[in-house]
Number of protein chains: 2
Amino acid sequence: MDTIKSYLEANKARFLQELFDLIRIPSISSESEHKNDMKLAAEYITESLLKAGADKAGVYPTTGHPVVYGEKITDPAKPTILVYGHYDVMPVDPVELWKTPPFEPVIADGKIFARGAVDDKGQLFMQVKAFEYLVKTGQLPCNVKFMLEGEEEMGSPALAKWLPENKEMLAADLILVSDTSMIALDIPSITVGLRGLAYMEVEVTGPDKDLHSGLYGGAVANPANVLASLIASLHDENHHITIPGFYDDVTELSAEDRNDLARAPFNLEEYKRKIDISEPLCEKGYTIQECTGIRPTLDVNGIWGGYTGEGSKTVLPAKASAKISMRLVPNQDPHKIAQLFARHFERIAPPSVKIRVKEDHGGFPYVSPTSTRAYRAASKAYETTFGVKPVPVRSGGSIPIITTFEKTLGIKSILMGFGLDTDAAHSPNENFQLECFYKGIETITWFYRYFAGDLKQEIE
Amino acid sequence: MDTIKSYLEANKARFLQELFDLIRIPSISSESEHKNDMKLAAEYITESLLKAGADKAGVYPTTGHPVVYGEKITDPAKPTILVYGHYDVMPVDPVELWKTPPFEPVIADGKIFARGAVDDKGQLFMQVKAFEYLVKTGQLPCNVKFMLEGEEEMGSPALAKWLPENKEMLAADLILVSDTSMIALDIPSITVGLRGLAYMEVEVTGPDKDLHSGLYGGAVANPANVLASLIASLHDENHHITIPGFYDDVTELSAEDRNDLARAPFNLEEYKRKIDISEPLCEKGYTIQECTGIRPTLDVNGIWGGYTGEGSKTVLPAKASAKISMRLVPNQDPHKIAQLFARHFERIAPPSVKIRVKEDHGGFPYVSPTSTRAYRAASKAYETTFGVKPVPVRSGGSIPIITTFEKTLGIKSILMGFGLDTDAAHSPNENFQLECFYKGIETITWFYRYFAGDLKQEIE
């Protein structure tokens, strides 16, 4: 029972049962009706930490959803790892596209299907179970702290305020995060860059009420048509973003860095087939991997206005709205970008409508060097589990709180994620491969030992 | 009791009670959950016709919602008026903007507030009550038929099929319609032109599922952004519509006709104030009245896609859709326009997305000459009630079935509407001024007598 493989074999069924109980709590942070579910999920995780071997663990109130904090301090002289994860999940709509109920996990094709299976309940649970193994078998080589929040999918507003007040309690040598993906099970990878995010909501108002499109159409600016024009104008024909100043702070990668990134395996046909598109749409002059990894982007995340029900209604809507977010790359400041966006949007709107632009959550981009002890330990851990040295990659996604950690706590993060790009995170039928779950647990236990042990000996 | 004014005074309270009972039936034709309400409304109107004095009346099945037919034949040698109206109403959303429940009529500020108050239950009921007065006081000067349908707000698909099968039963000299508006209570007007309509629904599909906007954004065409670009491109900077061939069949009005139209009173400041806009947005080269009366237009009636709930979701949506309708002017063919639209939309869409365009209901434009006996009788009737000669106007709205009447039954229509442009037809807080309701009843009774009587003597 003292090797991780045999421990996993003996405890698999229980691990899944426990994870499933967590997944069944519909902890959607952005929907106020789930406030109590957030509390239930936080309490469940606290219990899990205590059962796994934490000295203490508790639910900490914040200005928003609570943070779960737990720790096991074995020896103050040893290094301390602070594990970060989130127990909140994305909304589930369009719920009619789910093949099974989002909060009733099922196993099919070797995958767990459920909202939160991979993002991030499954990955958070890998951390808890790796910790459990090390504690129960007397092999924990360092101190461990857990900080598990409930607002990551909203941009972590409460955690950002909670951090400075709890700086001492959170003191650590490294933050360990499992909330990203690998290229493939046979091509493990470590995320060394994350894009930032500026998330906006815009509302275009025309008349003070919905009008009859026959009686007024032709003389009154239609907010839905105007919104469409405004959105359309945000990209030019080369798919560059047209907001003045948008690219000003973007650090262009060197030819060498671009060549490095191009070494990650990529199969265009497979990429297109997986998401059923006939061709990609990229910014001119950049590859697909560059467009999703090192280039900023602008996407409509949602748009609505007027009559959207069954049949037809000849209405000239009073309002039309959109949620629009921009992914940012190193050196771009989300608040500055949000301001540029708002100013531009208000400037280009015709005088026949009123415009309201609201900045929703944002986050700074993050780059993690591959020269650190943490990276080398992580690399060796993946290699031990997967038998292949992992590839460093830049991810297009954002985990805004990572930059805040560095700024507020002065601690670097290492991103050891075990998702795959077929996991449908944020989408209907989100899933997590069981093999990823088990290999993730294993890799994390190796990481603890390499990071806390004698690195020189163990990982040369 | 034999003058219309005294009859109205004696029966006002009952008229309103009866109308309110009809309004309380939520007969929304386009929403399938209201199928039974459609039947209930049809049955209620049938009863109303019989009580008002019809020899016979019944609910006639069609391929869709039923038609109510009723008649009173006094003397086959006399003229026959066929009254047309509709008992179906528009959907009520956004329901949160209603100050009172849409299907619970209330009287405030001298107006009836409810869905259907003016469009068209209130106006249909004016016809029933004018008929009742003429019958009950022994003054009905002609034969009367009623044809009241339940699909006008959907484009009358079933009625169009029902007409040819019932041509003989519907034989008449004129169709009398109360489903339009006047300029104002002190500026009565008669609608002599209606725009046609082509109503489309478009769907843009990118990937086969919603994607994580961080992992895919920048490389995968976003259907919401693409839809916005497509919609934006449908107008040029002069607000002309860019669909090739769109204007080919438009009959340009002569300078004289334009001057005639410009004579209708119009106050720009009042127009802007009423709907709270700072300035109109018109096609270059045309006045507001021309843009809503004699020029074709294109409006988004509804748009939706992606995440539209509370908070933020960083999703690249799989689909985005819009309902788009075009108002057409004399000589434009709605099916030809629908085809031009569909072909254009498919042609301009980028290859990175899939496009589906569906033609919803349409209707031909209509122009009614002012030289007919019916127009002269209507003009005299308004003048008798309001003390002012009515102005002929072109309305921007569409009643597609009017053209079908002429084509299928060979009968012309006269549009005697008593709405006002403050009625919020199709919008929240739809209302109908009580004074319009009463004056409408009175005017209709005068119309019967002028039209059926000795016009030469009565109206010079």
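In this predicted model, strand β11 of chain A (residues 297-306) pairs with β11(B). The two strands run antiparallel and share 5 bridges. Within this pairing, Ile303(A) faces Gly305(B) of β11(B).

Chain A contributes 84 residues and chain B contributes 84 residues. On the chain B side, several elements supply at least two residues each. The strands among them are β10 (211-212), β11 (297-306), β12 (315-316), β13 (319-328) and β14 (354-363). The helices are α5 (213-216), α6 (223-232) and α9 (288-293). The largest share of this side comes from β11(B), with 9 residues. By residue class, the side of chain B that touches chain A comprises 34 nonpolar, 33 polar and 17 charged residues.

Chain A itself contains 14 helices and 18 strands. Its radius of gyration is 23 Å, and the globule rule for 460 residues gives 23 Å. Chain A is therefore as compact as a globular protein of that length. Along the principal axes, its C-alpha atoms occupy a box of roughly 80 × 50 × 45 Å. Buried residues make up 56% of the 460 in chain A. Contacts in chain A were also examined by sequence separation. Of those between residues at least 6 apart, 78% link residues at least 24 apart.

In an α-helix, residues three or four places apart point the same way, because each turn takes 3.6 residues.

In chain B, three strands form an open sheet in the order β4-β5-β18, with antiparallel pairing. Strands β4 (106-108) and β18 (431-433) of chain B lie at the edges, each pairing on one side only. Neighbouring strands of the sheet are turned by 30 degrees against each other on average, direction ignored. Strand β5 of chain B (residues 111-113) is joined to β18(B) by 3 bridges, and the two run antiparallel. Here Lys111(B) stands opposite Gln433(B) of β18(B). Helix α13 of chain B (residues 434-452) packs on this sheet and touches β5 and β18 of chain B. The direction of α13 makes about 60 degrees with that of β18(B).

Definitions and conventions: Residues numbered from 1 in each chain as written. Chains lettered and ligands numbered in written order. Predicted model: local features only at pLDDT ≥ 70, side-chain atom pairs only at ≥ 80, totals over all residues. Contact = placed C-beta atoms within 7 Å. Helix = DSSP H or I, 4+ residues; strand = E, 2+ residues; numbered from the N terminus. Nonpolar A, V, L, I, M, F, W, Y, C, P; charged D, E, K, R; others polar. Pairing = 2+ DSSP bridges. Axes fitted to C-alpha atoms, helices over the stretch in contact; angles between N-to-C directions. Rg over C-alpha atoms; globule rule 2.2 N^0.38 Å. Buried ≥ 20, exposed ≤ 12 C-beta atoms within 10 Å, placed from the backbone.
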